[in-house]
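Trainee: Could you walk me through a few places in this model? I am new to it and would like to start with the backbone.

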Amino acid sequence: MQLGVCYYPEHWPRDRWPQDARDMMEAGIRVVRIGEFSWSRLEPSAGDLRFEWLDEAVEVLAAAGLKIVMGTPTATPPKWLVDAHPEILAVDENGDTRGYGSRRHYCFSSPTFRTLSERIVRLMGERYANHPAIIAWQTDNEYGCHDTILSYSAAARARFPAWLEARYGSVEALNEAWGTVFWSMEVSEFSQVEAPVGTVTEPHPAIVLDYRRFCSDMVVEYNRLQVDTLRAAGVSGDIVHNFMGLFTEFDHFDVARDLDIASWDSYPLGFLERGAHDDATKAQYRQQGHPDFAGFHHDLYRAMCKGRWWVMEQQPGPVNWAISNAAPLPGMVRLWSHEAFAHGAEVVSYFRWRQAPFAQEQMHAGLLRPDGSPASAWPELLQVRDELATLAEHDTTTAQQAPVTLMFDYASIWACQIQPHAENFNPLELYLSWYSALRRLGLDVDIVSPRDALSGYSLIVLPCQVIADEALAARLSAARDSGTRVVIGARSGSRTPEFQIPAQLAPGALSELTGVTVDRVDGLRPGAEPAVTLSNGARGHALRWRDLLDHQRTSAQVVTRFEDGEPAILHQRGVSYLTAWLSEDSLVAILQAECQACGITTHALPDGVRLRRRGPLCFAFNYAPEPRWLPEGLVNDRGLLAGSRVLAPADVCIWFSDEKRP
């Protein structure tokens, strides 16, 4: 558990660098990321390479005892490069070229930019591969930020037919898979396929889904190019990329297969404003962030690289890019830091060391203010430093599998976005609601992709597995047969991988497992929200979506019905099927009953409180703006390391846990 920081030596006078390095070490920082936006300083004109300033910065940081993450600078191609090669620029859905003037101004499909990227990455790799202070390399920066995944450039349009040919093999197979007989969209050769943009009305959904898969694969290829280039240049250290929050425009599992470490950039306050929460929730957590935003992403990215993950950028104060930009509640920087470590982070790195007095991010806080004096997060950083020294005395390296796992699928999210069918059907919001329901019960949660192993879990939940195939169904059946309980949400199995309604109707490949057949669906508008009373007396309602079943072809037992008589929950041999997007309080009650049935211990936590275990330690976090009391008997007072049962707002309690997991 180490602290880090993002540093930009090119922004500050050279005579300041040694002081910054000494101050970092004094503050407990041990890892520094540099270089990821420095292309114009490394190569101010074509072929004019100037690495000397970066050499000096590396030596200054290394001399102080700091370890370095070197970023490749490809997220910000310099002006001379764009002028010489305007074909690298992305094109948006309106046909407009996305030009130079900020960052991320390139198209992942561009062969020219790939060649230029390989060159600068190779030069950096060869120069610094053997430097002992450089422990890791970051590829690019925040792939896809500012809506830069979907591009309709000439390069992307030219690559798409070849990608389709590799996927389908023949035009006949493509026509069959897509159902292009509809609206006379059949093609006789792959080159006739158009990118799904600029159409008179909605484009063919299967083409849209495959174009999104194609654009995701372009990110995978581009990242792999950088990884392969670094390895060929002699780099032996870890390679990492910094993903983002609330971002699903490419399949992060696919990209992460070429990485050693997954990391993400944690900005809980900015993303609260951008999230789908109601105004009351945003007001309650305005200075804290939603209690499950950071935890969800910690667990998601922990799933990517065999449990190895970091926070590459941790918010230390107000950001500059949200609808409104709140200052964190005092204590939240400390809480966010400990929460990341509780979820298994190796490094928590703050963005940034010193607030820039110029350019686009001058309203974005750092650990230091623009004049170099400590900002409000500084005393919290020092407190975390001291507390980590105490925790370091104990073995927290043992990775424990959580008792419950949540299946997360990017292609299913894309399918819902392509055909939402109901107002405000936001699939990511639905995934987060299920995750929140589990965390409100005091549970640790693993997240898996549809391809990951499912053995060893007591409970598997699939909130919205729209795209399901026979292989997934077989693995879920095997888990069920081994004693695992499975909970499957509405809309699951409703489309094949080719974006067709399954021949056996929804839930398609999951029909035999669930004992359910969907007759039709009901897209619910606000105000049309069928109510349900659960078996434990809790009341809830459906939101946005409901599956209406074919009763003649449904064999599963109805557990609970909506007040209008339609089934809400069905059960068959350890598998439960929820026919609707249910309110979060309903999910808490349903999942609590499932946990009880398979022997998982749950806790009735106060509003805004979350738990997380790391090895023998248990952490409690209070996101509420008021004090909260932890349940009697939860905290092991003899093993208390920080805090107490009474949690002030933004407070943390850490203790040795003697709780047994199933």
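Trainee: Where does Ala650 lie?

Mentor: Keeping in mind that this is a predicted model, Ala650 lies in the loop between strand 24 (646–647) and strand 25 (652–656).

Trainee: And what is phi of Ala650 near?

Mentor: Phi of Ala650 is near 65 degrees, which is a positive value in a residue other than glycine. Most residues other than glycine have a negative phi.

Trainee: Is Ala650 buried or exposed?

Mentor: Ala650 is buried, because its relative accessible area is 3% and the limit for buried is under 20%.

Trainee: What about His421, where is that found?

Mentor: His421 is found in the loop between helix 15 (410–418) and helix 16 (427–440), and its phi, near 70 degrees, is also positive. His421 counts as exposed, because its relative accessibility is 52% and exposed means over 50%.

Trainee: Switching to peptide bonds, which residues does a cis bond join, with omega about 5 degrees?

Mentor: A cis peptide bond joins Ala506 and Pro507, and Pro507 sits in the loop between strand 12 (485–488) and helix 18 (511–514). The bond from Phe351 to Arg352 is cis as well, with omega near 5 degrees.

Trainee: Leaving aside neighbours within four places in sequence, what is Asp92 in contact with?

Mentor: With those neighbours left out, Asp92 is in contact with Arg98 and Tyr152.

Definitions and conventions. Residues numbered from 1 in each chain as written. Predicted model: local features only at pLDDT ≥ 70, side-chain atom pairs only at ≥ 80, totals over all residues. Heavy atoms only, no water. Contact = heavy atoms within 4.5 Å. Helix = DSSP H or I, 4+ residues; strand = E, 2+ residues; numbered from the N terminus. Buried < 20%, exposed > 50% of the residue type's maximum accessible area, 1.4 Å probe, protein only.
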